[in-house]
Amino acid sequence: MHLRYSFRIEPTPGQRIALARTFGCARLVYNDALAARKAAYKADKSGTPGL
């Protein structure tokens with residue numbers, strides 16, 4: 001038997017602001033880490049850190 005559930009979230013205006021802030025921060029951290037990884041790769045042409 002396979003069950004399928006469908007969920008929909010409808011945040012309040014305050015929750016929308018908090019979610020936007022949280023995901024915006026996560027995106028910023030990810031982009032900074034990616035830029036650092038690309039710079040390290042470009043510097044030593046290695047894809048593995050510390051090896």
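Visitor: Which residue just after α1 takes a positive phi?
Guide: This is a predicted model, where local features need pLDDT of at least 70, side-chain atom pairs count only at pLDDT 80 or more, and totals for chains, interfaces and linings use all residues. Residues are numbered from 1 along each chain as its sequence is written, and side-chain values use heavy atoms, with hydrogens and water left out. Helices are DSSP runs of H or I with at least four residues, strands are E runs of at least two, and both are numbered from the N terminus. Just past α1, a phi of about 55° belongs to Lys45.

Visitor: How far does helix α1 reach from its first C-alpha to its last?
Guide: Helix α1 runs over residues 13-44, so count 32 residues.

Visitor: How many helices and strands does the protein have?
Guide: Go by those DSSP runs again. The tally for the protein is 1 helix and 0 strands.

Visitor: Is Phe7 buried or exposed?
Guide: Phe7 sits in the segment before α1. Buried means under 20% relative accessible area, exposed over 50%, and partly exposed in between, using a 1.4 Å probe and protein chains only. Because its relative accessible area is 74%, Phe7 is exposed.

Visitor: Which residue forms a salt bridge with Glu10?
Guide: Side chains of opposite charge can pair when their charged atoms come close. A salt bridge needs a side-chain nitrogen of Lys or Arg within 4 Å of a carboxyl oxygen of Asp or Glu. The structure holds 1 salt bridge. With the closest N and O atoms 3.4 Å apart, the partner of Glu10 is Arg8.

Visitor: What percentage of the 51 residues is buried?
Guide: Keep the under 20% cut-off for buried in mind. Across the protein, the buried share is 4%.

Technical notes:
The expected span of a helix is 1.5 Å times one less than its number of residues.
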